[in-house]
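Hi,

Here is the structure I promised to pass on.

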Amino acid sequence: MFRCIVCHGERSREEEVEMVLKVNGRHVKVEGVPATVCRRCGEPSFSAETTERTRLLVHGQGRVARTDPLPVYEFASAPAFSPAPSL
Ligand SMILES: [Zn+2]
């Protein structure tokens, strides 16, 4: 039975998700990864087979479908958080 490792929610659904991984110091994205996603908090979990196939894919046994440069943000430039909603 499903039990979320983050929120202990017990309801899930099967989805295809994106993963961003760091491989040899560079980020790569894998799309269409089958995952079991927590319905409450959205945390994805992956089967051992999916994890292993993803590892093989990004370590040279797969083909890059396309290159998608990621915008990079520095957290230090984030706006200040104001707890009161601005209405
Ligand atoms: Zn959860």
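Let me start with a loop: N24 sits between β1 and β2 (26-38), where helices (H or I, at least four residues) and strands (E, at least two) are DSSP runs, numbered from the N terminus. N24 has a positive phi of about 50 degrees, although it is not a glycine. With 74% relative accessibility, N24 counts as exposed; the cut-offs are under 20% relative accessible area for buried, over 50% for exposed and partly exposed in between, with a 1.4 Å probe and protein chains only.

H8 also has a positive phi, about 65 degrees, and is not a glycine either. You'll find H8 in the segment before β1 (12-23), and at 46% relative accessibility it is partly exposed. For context, most residues other than glycine have a negative phi.

Before you go further, the ground rules. This is a predicted model, so local features need pLDDT of at least 70 and side-chain atom pairs count only at pLDDT 80 or more, while totals for chains, interfaces and linings use all residues. Residues are numbered from 1 along each chain as its sequence is written, and side-chain values use heavy atoms, with hydrogens and water left out.

Now the overall picture. The protein chain has 1 helix and 3 strands, in the order β-β-β-α from the N terminus. Its radius of gyration is 17 Å, well over the 12 Å that the globule rule gives for 87 residues, so the chain is more spread out than a compact globule. That radius is taken over C-alpha atoms, and the rule is 2.2 Å times the number of residues to the power 0.38. Along the principal axes, the C-alpha trace spans about 50 × 35 × 20 Å. Buried residues make up 18% of the 87.

What is in the largest nonpolar core? It has 8 residues: V17, M19, V23, V30, V33, A35, V37 and V58. A nonpolar core here is a set of buried Ala, Val, Leu, Ile, Met, Phe, Trp, Tyr and Cys residues joined through side-chain atoms within 4.5 Å.

Leaving aside residues up to four places away in sequence, A35 touches R13, E14, E15, V17, P44, S45 and F46, with contact meaning heavy atoms within 4.5 Å.

Cheers
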